[in-house]
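Please look over the structure below before reading on.

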Amino acid sequence: MTEQKSLQSPVQGAQVVGRVALLLRLVGRKPDGTSLSGLVRESGLTRPTVHRLLTSLAAEGLLEHDSAAGKWVLGPEIFLLGSVAAARFPMEDLARPSLRRLAAETGESAFFSIRRGNETVCVLREEGSFPVRSFVLHEGVRFPLGVASAGTAIMAFLPPEEQEALLADWDMHAGDFAAGHTADVVRANLESTRLAGYSVNPGLVLEGSWGMGAAVFDQQGRPAWALSLTGIEPRFRPDRQDVLGKLLLEEAHRMTAKLQG
């Protein structure tokens, strides 16, 4: 019996860690917090399990419960851990100059996203001068690869077998975004991105909110990050896309050169 328990414990422990990580990611997607019912629905876990894990995370300072709003938000311990981790990943120093140039030259909001598994996560933002903005993208927002401009720019330059693996189970991968991002639409977007070098999201996430992105490559030549611009549709008309795409590619190439050099 003891041997059986010792064999089962690592599996059970790994399952708990996986569930904790899932809940932290789900809470982190929305700066204003997520309700218990929302976390139950999005995680697929039972309500008692979710409540128990949330309570334990709150006791460690990793989460907090906003009783007035009835929502769970990231706690102060997450900020402290992130501050320490940031020293190991100095992407702020590499990406911020490119974001500032893009925002200054275009007037649009500029973003830097990283690939995490089969998702992209927005980690940096620089506001442009144009007074009307799109608020679809902000720090902490996650999208499946192939969704939105950053995810499309990255997925387009993955090896074909990786792309096909995602497309083979596309509805499950895209989740809530599958309706606006059908497999056929995504395939067409990936092809046009490979041809142009940059991606265009024609309001597929939110009608009227457009975006463009360009991939940044790591030392192995794999797309690991992306620069993007977002704004309202009139600012991304075809006659301006060439200009915006050229600026995105210039900054993406500049960052790639620094990372590879």
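Predicted model: local features only at pLDDT ≥ 70, side-chain atom pairs only at ≥ 80, totals over all residues.

Residues are numbered from 1 along each chain as its sequence is written, and side-chain values use heavy atoms, with hydrogens and water left out. Helices (H or I, at least four residues) and strands (E, at least two) are DSSP runs, numbered from the N terminus.

**The sheet**

- Six strands make up an open sheet. Their order is β5-β4-β3-β8-β7-β6, and the pairing is antiparallel.
- Two strands count as paired if DSSP finds at least two bridges between them.
- β5 and β6 (199-201) are the edge strands, and each pairs on one side only.
- From one strand to the next, the twist averages 30°. Axes here are lines fitted to C-alpha atoms, for helices over the stretch in contact, and angles run from 0 to 180 degrees between N-to-C directions.

**Strand pairs, one by one**

- β6 and β7 (residues 209-217) are antiparallel, with three bridges. Asn 201 stands opposite Gly 211 in β7. Ser 199 has Gly 213 in β7 as its bridge partner.
- β7 and β8 (residues 223-232) pair over nine bridges,. Ala 215 has Ala 226 in β8 as its bridge partner. Val 216 stands opposite Trp 225 in β8.
- β7 and β8 also form a hairpin, with five residues between them. Gly 221 in the turn has a positive phi of about 80°.
- β3 (residues 109-116) and β8 run antiparallel and are joined by six bridges. Ile 114 has Trp 225 in β8 as its bridge partner.

**Buried strands and the core**

- Buried means under 20% relative accessible area, exposed means over 50%, and partly exposed lies in between (1.4 Å probe, protein chains only).
- How many residues of β8 are buried? Nine of its 10 residues are, and the strand is mostly covered.
- Eight of the nine residues of β7 are buried, so β7 is largely enclosed by the rest of the structure.
- A nonpolar core is a set of buried Ala, Val, Leu, Ile, Met, Phe, Trp, Tyr and Cys residues joined through side-chain atoms within 4.5 Å.
- The largest nonpolar core has 25 residues. Phe 112 and Leu 227 touch the most other members.
- Two or more residues of this core come from each of α5 (91-106), β3, β7, β8 and α10 (238-260). α10 gives the most, with seven residues.

**Helix α6**

- α6 (residues 148-155) contains Ala 148. Eight of the eight residues of α6 are buried. Among them are Gly 151, Thr 152, Ile 154 and Met 155.
- Ala 148 counts as buried because its relative accessible area is 10%.
- Is the phi of Ala 148 positive or negative? The value is positive, near 70°, in a residue other than glycine. Most residues other than glycine have a negative phi.

**The second largest pocket**

- A 1 Å grid is laid over the protein atoms alone. A pocket is an open set of points with protein on both sides within 12 Å along at least five of seven lines, whereas a cavity is a set where a 1.4 Å probe fits but cannot get out. Lining residues have an atom within 4 Å of a point.
- The second largest pocket holds about 780 Å³ of space. Grid points are joined across faces, edges and corners, and a volume is the space filled by probe spheres set on the points.
- The lining has 20 residues. Arg 29, Glu 42, Arg 142, Asp 176 and Phe 177 lie nearest the centre.
- α1 (2-28), α2 (36-43), β5 and α8 (170-174) each supply at least two lining residues.
- By class, the lining has nine nonpolar, three polar and eight charged residues. Ala, Val, Leu, Ile, Met, Phe, Trp, Tyr, Cys and Pro count as nonpolar, Asp, Glu, Lys and Arg as charged, and the others, Gly among them, as polar.

**Two loop residues**

- Val 141 lies in the loop between β4 (119-126) and β5 (142-144). Val 141 counts as buried because its relative accessibility is 9%.
- Val 141 and Ser 113 are 28 residues apart in sequence. Their C-alpha atoms are 9.2 Å apart.
- Arg 237 lies in the loop between β8 and α10. At 44% relative accessibility, Arg 237 counts as partly exposed.
- Arg 237 and His 253 are 16 residues apart along the chain. Their C-alpha atoms are separated by 24 Å.
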